[in-house]
Amino acid sequence: LMTPLDILIMAAGKGTRMKSRTPKVLQRLAGRPLLHHVLDQAAHLQARSAIVITGHGATEVEAATAGFTGATGSFDLKFVRQEPQLGTGHAVQQAVPHLPADGTAVVLSGDVPLTQADTLRALVAASGGERLALLTVTLPDPTGYGRIVRNADGAVQGIVEHKDATDAQRAITEVYSGIMAVPARLLTPWLAQLTNNNAQGEYYLTDVVAMAVADGVPVVAHRITDALQVAGVNSPLQLAELERAHQLRQARALMEQGVRLADPARFDLRDDTRTGVRGELVCGQDVEIDVNCVFTGRVELGEGVSIGANCCIANARIAAGAVIHPYTHIDGEKAGATVGEGALIGPFARLRP
């Protein structure tokens with residue numbers, strides 16, 4: 001029997017390197033705030049609740065997220081504030097009053113948008129309601145990440161933060177992703193014992209690993225090799241890299257359904273930031289899409305539709321056999337735009353609802 005899941009999302013960071021007035025977790029990936037991508041994961045896991053820990057720009061983050069509707073189902077959404085920010089352990093301590101003892105807590109980061117639901121399901125299964133399960137990844141360059149320290153039998157003994165690691169420990173390439181699953185009844189007493197005796201003077205959540213080992217609670221690692229799933233966003237460069245990775249993932253899914261994309265690296269499908277409509281491209285058979293096309297909101301392309309290069313299409317239904325020549329801008333706004341069967345549009349056309 002599965003225990004109920006309560007998701008804790010760290011969203012208090014400032015994101016100094018983004019050099020933006022917008023809080024980091026509200027920076028957009030595919031037209032949607034990073035935090036909303038993470039909340040989608042909570043929805044896919046059919047979590048009982050999601051507790052978002054805010055700090056920098058808390059008012060803005062809470063306002064942008066309060067009306068969140070998940071991809072599937074619904075969960076109880078709560079906000080707690082971390083002021084001042086004294087580390088990851090301190091962040092999770094703020095959520096304890098809202099954490100029921102009968103559930104499994106899953107700790108996620110509000111700036112790590114591309115974790116797959118299947119990965120998190122496997123992590124929760126590894127925890128099994130009685131173990132501390134860590135999501136780990138092997139990186140060619142582990143600099144800056146907490147290293148996974150194992151004993152001779154391969155059992156996880158602890159996590160050592162990069163700044164506190166010895167040279168031998170820094171040679172370890174298996175690192176902690178920042179994502180864990182642990183029964184709340186075990187986590188809560190460990191959080192109460194955290195101290196800040198380390199190079200940063202912070203309360204590290206990772207210290208609970210050594211506490212679990214000391215208490216005889218098994219610590220297991222669900223190890224993945226796909227670094228994208230645990231990649232965080234700290235700079236505009238990293239945001240752009242994840243944007244391309246996400247778009248390529250969407251492009252591949254469409255091509256597997258039979259859509260012909262001239263170049264999957266030059267394709268974009270985004271949420272409509274004006275109406276909040278999810279990015280969704282529904283295609284009939286034999287659809288062809290040339291390079292540099294941007295689809296926003298819900299777009300339907302009928303059988304045999306051909307889209308020329310450099311078109312922007314938002315909230316539209318394009319019937320079978322239509323040809324949209326290059327540089328055409330179709331914007332259905334809220335009402336939606338319709339292009340009839342066999343129509344020839346463009347080049348350089350602009351259509352509104």
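Arg260 is partly exposed in this predicted model, with a relative accessible area of 42%. Arg260 is located in strand 12, which covers residues 260-261. Leaving aside residues up to four places away in sequence, Arg260 touches Asp286, Val287, Glu288 and Ile289. With one of these, Asp286, there is a polar contact between side chains, at 3.4 Å. Gln285 lies 25 residues from Arg260 in sequence, and the C-alpha atoms of the two are 9.6 Å apart in space.

The strand that holds Arg260 can be followed into a sheet. Strands of a sheet pair through backbone hydrogen bonds, either parallel or antiparallel. Strand 12 pairs with strand 15 (residues 288-289) in the parallel sense, over two bridges. Within this pairing, Leu261 has Ile289 of strand 15 as its bridge partner. The sheet is open and has five strands in the order 12-15-17-19-22, with parallel pairing. Strand 12 and strand 22 (344-345) are its edge strands, and each of them pairs on one side only.

Asp268 sits in strand 13, residues 267-270. Its relative accessibility is 10%, so Asp268 counts as buried, whereas Arg260 is partly exposed. Beyond residues up to four places away in sequence, Asp268 touches Glu243, Arg244 and Gln247, and also Cys293, Val294 and Phe295.

Strand 7, residues 132-138, shows burial for a whole element. Six of its seven residues are buried, so strand 7 is largely enclosed by the rest of the structure. Two pairings involve this strand. Strand 7 runs parallel to strand 11 (residues 219-224), and six bridges join them; here Leu134 is partnered by Ala221 of strand 11. Strand 7 runs antiparallel to strand 10, with five bridges between the two. In that pairing, the bridge partner of Thr138 is Glu174 of strand 10.

The largest pocket has a volume of about 1800 Å³. Its lining consists of 48 residues, and those closest to its centre are Lys24, Thr88, Ser109, Asp111 and Asn234. Strand 10 (174-183) supplies at least two residues of this lining, as do strand 1 (5-11), helix 3 (88-95) and helix 8 (236-256). By residue class, the lining of the largest pocket divides into 18 nonpolar, 21 polar and nine charged residues.

The second largest pocket contains about 680 Å³ of space. It is lined by 25 residues, and Arg32, Asp40, His44, His246 and Gln250 lie nearest its centre. Two or more lining residues come from each of helix 1 (34-44), helix 4 (117-127), helix 8 and strand 14 (280-283). Helix 8 gives the largest share, five residues. The lining of the second largest pocket divides into nine nonpolar, nine polar and seven charged residues.

Definitions and conventions
Residues are numbered from 1 along each chain as its sequence is written. This is a predicted model: local features need pLDDT of at least 70, side-chain atom pairs count only at pLDDT 80 or more; totals for chains, interfaces and linings use all residues. Side-chain values use heavy atoms; hydrogens and water are left out. Helices (H or I, at least four residues) and strands (E, at least two) are DSSP runs, numbered from the N terminus. Buried means under 20% relative accessible area, exposed over 50%, partly exposed in between (1.4 Å probe, protein chains only). Contact means heavy atoms within 4.5 Å. A polar contact is a pair of N or O atoms within 3.5 Å; within protein, one must be able to donate a hydrogen and the other to accept it, and residues adjacent in sequence count only if both atoms are side-chain atoms. Two strands pair if DSSP finds at least two bridges between them. On a 1 Å grid over the protein atoms alone, a cavity is a set of points where a 1.4 Å probe fits but cannot get out, and a pocket is an open set with protein on both sides within 12 Å along at least five of seven lines; lining residues have an atom within 4 Å of a point. Grid points are joined across faces, edges and corners, and a volume is the space filled by probe spheres set on the points. Ala, Val, Leu, Ile, Met, Phe, Trp, Tyr, Cys and Pro count as nonpolar, Asp, Glu, Lys and Arg as charged, and the others, Gly among them, as polar.
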